[in-house]
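Subject: Structure handover

Hi there,

Here is the structure I promised to pass on. Have a look at it first, and my notes follow below.

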Amino acid sequence: MNDLQTALTLTYAWIKAAHLIFVIFWIAGLFMLPRFYVYHQESAPGSDEEARWIERERKLRTIIITPSMILVWLLGLALVYITGAWTMGWFHAKLALVIGLSGYHGYMVGYGKKLASGQRPMSGKALRMMNEIPGVVTAIIVILVIVKPF
């Protein structure tokens, strides 16, 4: 075992705890972001309220969601390296879902930039429905990681 592998193995529990903490931060932020967008869309264009929503959304994206996603990926890849999960079926399914969730994250960041520029291409109802995506995906990922069905 090389020095990096030994160090990672010795710190496995800490890496796993940090991974889970940042998953919680990331998913909580992804729950909040579409809701912020709903409130933003319901505010009057050009109003002080709209300006406040633009700033809240920017802070949520740049301070919480994006750094958390980056840490989730880095810590998750460390866990995969430690455990050798690359060959496990449940991991492949989880990885596909995390890639999808990362794409959703990127889409929502892009949508926020459209909102900030005055565009409102989606209805509040559609945003409310999109708000459910992180929860459903997270539930499936938890089942995959705990149950390891294949």
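A crossing counts as left-handed if the near helix is turned anticlockwise from the far one by less than a right angle. With that in hand, α2 passes α3 in a left-handed crossing. Please keep in mind that this is a predicted model.

Staying with that pair for a moment, the axes of α2 and α3 lie 7 Å apart and pack at an angle of about 150 degrees. Angles over 145 degrees count as roughly antiparallel, so α2 is roughly antiparallel to α3. In the contact of α2 with α3, the residues divide into 25 nonpolar, six polar and five charged.

Now for the overall picture. The chain has six helices and zero strands, so to read the elements from the N terminus on is to read α-α-α-α-α-α. Along its principal axes, the C-alpha trace spans about 60 × 30 × 20 Å.

Next comes α4. This helix has 28 residues, and from its first C-alpha to its last it reaches 41 Å, close to the 40 Å expected at 1.5 Å a residue. Just after α4 comes Gly 118, with a positive phi of about 100 degrees.

How do α4 and α6 cross? Their axes come within 9 Å, and the angle is roughly 160 degrees. That makes α4 roughly antiparallel to α6. Here too the handedness can be given: α4 passes α6 in a left-handed crossing.

Rolling a probe the size of a water molecule over the atoms shows where empty space is left. The largest pocket has a volume of about 710 Å³. Its lining is made up of 28 residues, and the closest to the pocket centre are His 19, Leu 79, Lys 94, Ile 141 and Val 145. Which elements give two or more residues to this lining? They are α2 (12-42), α3 (48-83), α4 (89-116) and α6 (133-147). So both helix pairs described above turn up again here. By class, the lining has 21 nonpolar, four polar and three charged residues.

Happy to hear what you make of it.

Best wishes

Key. Residues are numbered from 1 along each chain as its sequence is written. This is a predicted model: local features need pLDDT of at least 70, side-chain atom pairs count only at pLDDT 80 or more; totals for chains, interfaces and linings use all residues. Side-chain values use heavy atoms; hydrogens and water are left out. On a 1 Å grid over the protein atoms alone, a cavity is a set of points where a 1.4 Å probe fits but cannot get out, and a pocket is an open set with protein on both sides within 12 Å along at least five of seven lines; lining residues have an atom within 4 Å of a point. Grid points are joined across faces, edges and corners, and a volume is the space filled by probe spheres set on the points. Helices (H or I, at least four residues) and strands (E, at least two) are DSSP runs, numbered from the N terminus. Ala, Val, Leu, Ile, Met, Phe, Trp, Tyr, Cys and Pro count as nonpolar, Asp, Glu, Lys and Arg as charged, and the others, Gly among them, as polar. The expected span of a helix is 1.5 Å times one less than its number of residues. Axes are lines fitted to C-alpha atoms, for helices over the stretch in contact, and angles run from 0 to 180 degrees between N-to-C directions. Angles under 35 degrees count as roughly parallel, over 145 as roughly antiparallel, 65 to 115 as roughly perpendicular and the rest as oblique.
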